[in-house]
Amino acid sequence: MKKTLIPALLASALLASLPSLSFAQAAPAAPAAAAQGQAGKVVLDASTRILNTLQQRRAEFGKNPTALRSYIDSELNRTFDRDYAARLVLGANARGASDADVKLFADAMADNLMQRYGSALLTIQGKPSFRLKGEQSLPGNRGVKVSTELLRSGSESTPVDYMMRNVNGQWKIFDVNIEGISYVQTFRTQFDAPLRQKGIQEVAKELRGGTLQAGPGGNGK
């Protein structure tokens, strides 16, 4: 199960936040969660909502990948700051880039990862539990880190930390750290060379076409 779960968790703007939320269910007895701030509440609420929807619509989504994608897109708009995350992934390559190019890259990477990992949302068996460990401010007033654990029967717990910032009064995820591995850093390393060599628009085109693959085992080198 872990081999399936971790790549999906690391998978991107699309699957960096969503799978870890959707494979997890807020533990029924978690009094500490009530004491957390609004960012932690966003994680708990999203996990419950998404898991319940995937369970209820599993058969439909299995037959209709378009419906699954539409649902994930709607959730991403609620929980993930994908354009800001894309700027962090682009790093120095974002200097001078237009908002349109950043969005082009963010959407292309999300589409690429959805094609590769979207079905993983429907293959996890059982009901893992999700425990909120704590919340702390990030340096430089950048937001907060929400620390959680993914608990699965017969397996060791998986630490998952969400980096979140307040966007117009709403807490949104911009990075996910799974077992010490950062989504932003992973993809920044993976795409730095192609971006320097080809530019944002060409890399986005290759991601759309499948010439470049994002995520674990991808060829974005």
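**View 1. Salt bridges in the predicted model.** Ten salt bridges are found in the structure, which is a predicted model. One of them joins the side chains of aspartate 81 and arginine 165, with N and O 2.8 Å apart. Aspartate 81 sits in the loop between helix H5 (65-79) and helix H6 (82-90), and arginine 165 belongs to strand S4, so the pair ties together parts that are 84 residues apart in sequence. Aspartate 81 is buried, at 11% relative accessibility. Arginine 165 is partly exposed, at 25%.

View 2. Arginine 82 pairs with aspartate 107 in a salt bridge, and their closest N and O atoms are 3.1 Å apart. Arginine 82 is part of helix H6 and aspartate 107 is part of helix H7, so this pair ties together parts that are 25 residues apart in sequence. Arginine 82 is buried, with a relative accessible area of 14%. Aspartate 107 is also buried, at 16% relative accessibility.

**View 3. A salt-bridge network around aspartate 111.** Arg69, Asp111 and Arg208 are linked in a network of salt bridges. Within it, arginine 208 meets aspartate 111, and the closest N and O atoms are 1.9 Å apart. The pair connects distant parts of the chain: arginine 208 lies in helix H9 and aspartate 111 in helix H7, 97 residues apart. Arginine 208 is partly exposed, at 42% relative accessibility. Aspartate 111 is buried, with a relative accessible area of 16%. Side chains of opposite charge can pair when their charged atoms come close.

**View 4. The largest nonpolar core.** This core has 55 residues. Phe105, Met109, Tyr162, Met164, Phe191 and Leu207 touch the most other members. Helix H7 (residues 99-117) gives the most to the core, with seven residues. In soluble globular proteins, nonpolar side chains tend to be buried together.

View 5. Helix H9 spans residues 200-209, and its buried residues are Ile200, Val203, Ala204, Glu206 and Leu207. Seen down the axis of H9, these buried residues fall within an arc of 165°, so they line one face of the helix. An α-helix has 3.6 residues a turn, so residues three or four places apart point the same way. The face turned away from the buried side of H9 carries the exposed residues Gln201, Lys205 and Gly209. Just after H9, glycine 210 takes a positive phi of about 90°.

**View 6. Strand S5 and its partners.** Strand S5 (residues 170-178) is mostly covered, with eight of its nine residues buried. Strand S4 (residues 158-167) runs antiparallel to S5, and eight bridges join the two. Valine 167 stands opposite glutamine 170 in S5. The hairpin of S4 and S5 has two residues between the strands, and asparagine 168 there takes a positive phi near 50°. Strand S6 (residues 181-182) is also antiparallel to S5, joined by two bridges. Asparagine 177 has serine 182 in S6 as its bridge partner. S5 and S6 form a hairpin with two residues between them, and glutamate 179 in the turn has a positive phi of about 50°.

**View 7. Aspartate 192 in helix H8.** Helix H8 covers residues 183-198 and includes aspartate 192. Aspartate 192 is partly exposed, at 27% relative accessibility. Its side chain makes a polar contact of 2.9 Å with the side chain of arginine 196. The C-alpha atoms of aspartate 192 and asparagine 93 are 7.6 Å apart, although 99 residues separate the two along the chain.

Methods. Residues are numbered from 1 along each chain as its sequence is written. This is a predicted model: local features need pLDDT of at least 70, side-chain atom pairs count only at pLDDT 80 or more; totals for chains, interfaces and linings use all residues. Side-chain values use heavy atoms; hydrogens and water are left out. A nonpolar core is a set of buried Ala, Val, Leu, Ile, Met, Phe, Trp, Tyr and Cys residues joined through side-chain atoms within 4.5 Å. Buried means under 20% relative accessible area, exposed over 50%, partly exposed in between (1.4 Å probe, protein chains only). Helices (H or I, at least four residues) and strands (E, at least two) are DSSP runs, numbered from the N terminus. The arc is that of the directions from the helix axis to the C-beta atoms. A polar contact is a pair of N or O atoms within 3.5 Å; within protein, one must be able to donate a hydrogen and the other to accept it, and residues adjacent in sequence count only if both atoms are side-chain atoms. Two strands pair if DSSP finds at least two bridges between them. A salt bridge is a side-chain nitrogen of Lys or Arg within 4 Å of a carboxyl oxygen of Asp or Glu.
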